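Here is a short briefing on selected helix contacts. Please look over the sequence and structure first.

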Amino acid sequence: MRAWRALLALTTLGTVACVAPVRASAQFEHAAQPSAAALTVSVEERRRLLAHGPWPVAFRPDPSNRVSGNPAAIELGRRLFADARLSGSGKVACVSCHQPALRFSDDRPRAMGIAEVERNTPTLIDVRLQRWFGWGGASDSLWLASLRPLLDPREMETSPHKLRRLLAEDPQLRACYRRAFGAMPEDSKQPLVDVGKALAAFIATMASGRSAFDDFRDALERDDAAAIARYPAAAARGARLFVGRANCFVCHSGPNFTNGEFHDIGVPYFLAPGVVDSGRHGGLEAVRASEFNRLSRFADDGGASGIATRQVRLEHRHWGQFRVPSLRNLALTAPYMHNGSVASLRDVLRHYSDFNVERVHADGERLLRPLKLSDGEIDDLLAFMESLSAGVVSVAPADETACR
């Protein structure tokens, strides 16, 4: 109930709502005094840092979702997001796991719906920028990613019949549905897909604001020495390490700090003796087999945006690979890794510092090498990652007029 109320409070404040104050660590606050030497970057370091912007990224509608950006669909999705009636038990809503005060995630190692699942709850902020969705990429669109937990018996365990009845019997939901999609079709699965597309329309409005790094990056681009000097010295050293010796930028690239791909980083994927989470391998199997993927009859662009889904090939190396997450707001969304097994961001850096190459799947990649970071370098990288957190998150507010 508290999470539901938090969502209502959040979405009635306005387009830009403060979700939670960014609390810098004592180390980050201590680093506020810049050092001219620390802020000197090479030509190559500057080029790599500039490639992580500009921010924010402009909104682009999803061509496979005809109501992407539609005000009535956004309002319908906003209401459904907080509605526990979507679940089979009537007790679990999307907001139960994706809580506004926790950056649309939760603070659990693994998500808890009707039952506990094996994976950590990812944040929904900036999720619209992804190409594949979920830790294993089992969805090729945001609307399919919204459908999967609805149907999963461990998460929300609903049915097309239940959703259709809810849309038909609730006057407000019915009005929003009609305004967004028109008359409800006879096809029993279409209302289910429409719920996913409305949820996706709302979720796509969740976007992080600018961070301290974005100001630093833009200052570098315009060669503004005074603005560059305002960036904390430790964060600047961490930024140079990030695009330099540590090579973090190879996977965490672009404005959203992710290449959108999947990698084996040596985190165990065994759930129990004889039971594994196959990661990308299982995700590819699922998305290719889904009757709701971008190649299906439910895609509103006739499959035109499903080229990647059509061309991707399932390979044995995909075992144990998981999605590269964005680093934006990462300092605020502990615990970490696909299974929530790492409690702190410092421990994440220690994982990469002491990386055991023998833990990587035998047929997988050998991209990673132990970084052997000093305590000071870990501090600097932490300061840099903390500078990627934004104090505000943009979310579509309630719009009572959208469904009239």
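Ser353 touches Pro370, Leu371, Lys372 and Leu373, not counting residues up to four places away in sequence; contact means heavy atoms within 4.5 Å. The model is predicted: local features need pLDDT of at least 70, side-chain atom pairs count only at pLDDT 80 or more, and totals for chains, interfaces and linings use all residues. Residues are numbered from 1 along each chain as its sequence is written, and side-chain values use heavy atoms, with hydrogens and water left out.

**Ser353**
- Ser353 sits in helix α15 (residues 345-353); helices are DSSP runs of H or I with at least four residues, numbered from the N terminus.
- Ser353 counts as buried, at 4% relative accessibility (buried means under 20% relative accessible area, 1.4 Å probe, protein chains only).
- A polar atom of the Ser353 side chain lies 2.8 Å from the backbone nitrogen of Leu373.

**Helix α15**
- Leu345, Val348, Leu349 and Ser353 are the buried residues of α15.
- Seen down the axis of α15, these buried residues fall within an arc of 140°, so they line one face of the helix; the arc is that of the directions from the helix axis to the C-beta atoms.
- The buried residues of α15 pack against α16 (375-386).

**Helices α7 and α9**
- Helix α7 (residues 160-169) packs against helix α9 (residues 190-203) at an angle of about 75°, with their axes 8 Å apart; axes are lines fitted to C-alpha atoms over the stretch in contact, and angles run from 0 to 180 degrees between N-to-C directions.
- That makes α7 roughly perpendicular to α9 (65 to 115 degrees).
- Pro160, Leu163, Arg164 and Leu167 in α7 meet Pro191, Leu192 and Val195 in α9.

Terms used
Helices (H or I, at least four residues) and strands (E, at least two) are DSSP runs, numbered from the N terminus. Angles under 35 degrees count as roughly parallel, over 145 as roughly antiparallel, 65 to 115 as roughly perpendicular and the rest as oblique. Buried means under 20% relative accessible area, exposed over 50%, partly exposed in between (1.4 Å probe, protein chains only). A polar contact is a pair of N or O atoms within 3.5 Å; within protein, one must be able to donate a hydrogen and the other to accept it, and residues adjacent in sequence count only if both atoms are side-chain atoms.
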